[in-house]
Amino acid sequence: MRDKLPPEPPGSEVTPEKLYLRRREFIKNAGLFAGTAAVVGGGLYLLGMKRTRPMDGFVPDAGVVDQPVAPAQGLFSTDEPRTPYEDITTYNNFYELGLDKNDPARRAHLLKTRPWTVVIDGEVHKPWTVDVDQLISAFPLEERVYRMRCVEAWSMVIPWLGLPLGKLLDRVQPTSFAKYVAFTTLEDPEQLPGQKSPVLDWPYVEGLRLDEARHPLTLLATGLYGKQLPAQNGAPLRLVVPWKYGFKGIKSIVRITLTREQPPTTWNITNKREYGFYANVNPAVDHPRWSQATERRIGETSRRPTLPFNGYADAVAGLYSGMDLKRDF
Ligand SMILES: Nc1nc2c(c(=O)[nH]1)N[C@H]1C(S)=C(S)[C@@H](COP(=O)(O)O)O[C@H]1N2
Ligand SMILES: [Mo]
């Protein structure tokens, strides 16, 4: 995403060992699918949920996520093969922890994700300053298996754990003036040493229109694969908007502010010709420096077509009716 970063060569980071592990994962999935098909016809989706019961092997840390998890339904979980945990947690974009894909995992220990305070303020009737574990335990957590499509043209399938952002917004009661939601990442160069260099305008900020923020697909993630979110993936709280490019998914959030005006967003500030505010996944609008028509699913060698709104068009295209998505990209 930086100017010196070209889209990556396909498969550049895939070591033989990883390929071996992925093959094992694939075989495991295939076996499970066959088994279930015999038991519940058409129950692949349910099986997908079962395979990683969110609480399996999970040792609650700081007392969070220690509650039953409602299984996601229908469009809220894809049954595509999940990207292995190892890849999701070692191939990251988190520029505050370094620019290479494996930097965030190596430096994750620098970020202290507990205790952590989140401020929800702005155009709301009930502003709320809350400890993140209190926030998390105030809502039932759900597992959502979403595709994630990075603007760099790679993608993953990630089983998130989290709460719909809409539920949090209901609780703080937006005023009638609220039109957008602005998000801010922690600013602390000691914990996030990338903030010592001016690669981006710190702190990282993002934003959504209020109706996008309230859409039932929009999630505040607190975990993945049934475990607490690793720091490199944006612990303790990170945004997930599956029909938008990955950079909208701001990590390690300390503040959520309801606003009247469209808030500034980091990649748009950095290069507004290349990164729009909406950033809806759109194979018909190329990045000025590369095509967005196809993507490389991490763990696969050949490219696959990129779907409009990352495959969530039925659920979200209506949010943009009447808009010119080539102009408002
Ligand atoms: N604060 C912050 N949030 C961020 C980023 C970042 O550099 N800093 N990178 C974004 C980008 S470009 C992507 S693709 C996703 C990557 O999420 P993952 O590492 O959990 O896969 O995080 C997004 N959120
Ligand atoms: Mo990204």
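## Close-up views of a predicted model

View 1. F309 counts as buried, at 9% relative accessibility (buried is under 20% relative accessible area, exposed over 50%, and partly exposed in between, with a 1.4 Å probe and protein chains only). Its place is the loop between β13 (304-305) and α9; helices (H or I, at least four residues) and strands (E, at least two) are DSSP runs numbered from the N terminus. Phi of F309 is near 50°, which is positive in a residue other than glycine. Most residues other than glycine have a negative phi, and most peptide bonds are trans. The model is predicted: local features need pLDDT of at least 70 and side-chain atom pairs pLDDT 80 or more, while totals for chains, interfaces and linings use all residues. Residues are numbered from 1 along each chain as its sequence is written, chains are lettered from A and ligands numbered from 1 in the order in which they are written, and side-chain values use heavy atoms, without hydrogens and water.

**View 2. A279, in the loop between α8 (266-270) and β12 (294-297).** Phi of A279 is near 55°, again a positive value in a residue other than glycine. A279 is buried, with 3% relative accessibility.

View 3. A backbone N or O atom of Y95 lies 2.8 Å from an oxygen atom of ligand 1, and one of N93 lies 3.1 Å from a nitrogen atom of the ligand. In the side chain of R238, an N or O atom is 2.9 Å from a ligand oxygen atom. A polar contact is a pair of N or O atoms within 3.5 Å; within protein, one must be able to donate a hydrogen and the other to accept it, and residues adjacent in sequence count only if both atoms are side-chain atoms.

**View 4. Two cis peptide bonds.** R114 and P115 are joined by a cis peptide bond with omega of about -10°; P115 is in the loop between α4 (103-107) and β2 (117-122). The bond from W202 to P203 is also cis, with omega near -10°, and P203 lies in the loop between β6 (180-185) and β7 (205-209).

**View 5. Q232, in the loop between β9 (227-228) and β10 (238-240).** Q232 is buried, at 9% relative accessibility. Its side chain reaches the backbone oxygen of T89 at 2.8 Å.

**View 6. R327, in the segment after α9 (313-316).** R327 is exposed, with a relative accessible area of 61%. Its side chain makes a polar contact of 3.2 Å with that of D328.
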